[in-house]
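Reader: I would like a close look at one part of this model. Please keep it brisk and give the cut-offs.

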Amino acid sequence: IGLYTNTGFWPGLVEFQYDDNTNPMPIAQVNLLARLWWTKGGIVAIKFNPRNPWTGGLQSSTNHGFVDIPGLLDPTNNSAPANLATNLIANARFMGWLNEVAAGLTEMQTNGVPVLYRTGAEMNGRWFWWGQRPQGHYQMLWRFMFDYFTHTKKLNHLIWVWESDGSVHPLHASEY
């Protein structure tokens with residue numbers, strides 16, 4: 001409302017966020033506002049940055065602790081024996097969150113709302129648990145979520161948006 005009051009114009013795009021560090025995620029409230037925005041002619045973006053699946057804590061903690069993305073995505077095939085139990089718990093937590101998000105996105109699809117979908121933001125920064133990991137690990141995570149939502153959950157109304165930080169990943173700094 002402040003933008004409209006000051007300029008006489010409404011923004012064309014509004015981004016909503018499923019992950020606000022609450023449990024449960026405020027998906028129903030977000031979808032209500034997003035659908036309202038869509039019916040008024042606006043473009044909808046939804047962001048989901050998962051919490052740390054190993055700790056259940058915030059995604060933006062700078063002390064990530066143990067992070068094993070291949071083990072998270074496929075614990076029985078990619079975990080060292082010492083990490084298997086930890087990765088099985090993390091996988092169950094992570095998949096629960098993805099299912100919550102998929103249910104919310106399914107509701108948007110059912111209502112005919114296309115969504116600019118942003119996840120795993122700023123992977124070259126060090127403030128998220130998925131950040132500054134080997135490049136292949138981040139790609140695995142991104143592809144896993146894409147395949148899960150697109151193929152398993154049949155969500156075909158998403159326009160996937162990739163977002164990096166402005167800095168250069170230290171593993172690639174020598175290339176620039």
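Author: Val 113 counts as buried because its relative accessibility is 2% (buried means under 20% relative accessible area, exposed over 50%, partly exposed in between, with a 1.4 Å probe and protein chains only). This is a predicted model: local features need pLDDT of at least 70, side-chain atom pairs count only at pLDDT 80 or more, and totals for chains, interfaces and linings use all residues. Residues are numbered from 1 along each chain as its sequence is written, and side-chain values use heavy atoms, with hydrogens and water left out.

Val 113 sits in the loop between helix H5 (84–110) and strand S3 (115–119). Helices (H or I, at least four residues) and strands (E, at least two) are DSSP runs, numbered from the N terminus. Not counting residues up to four places away in sequence, Val 113 touches Arg 35, Trp 38, Val 44, Met 108 and His 157 (contact means heavy atoms within 4.5 Å).

Gly 112 follows H5 and has a positive phi, near 75°.

H5 packs against helix H6 (residues 135–152) at an angle of about 45°, with the axes 11 Å apart. Axes are lines fitted to C-alpha atoms, for helices over the stretch in contact, and angles run from 0 to 180 degrees between N-to-C directions. On the H5 side, the contact residues include Phe 94, Leu 98 and Val 101; on the H6 side, they include Phe 144 and Tyr 148.
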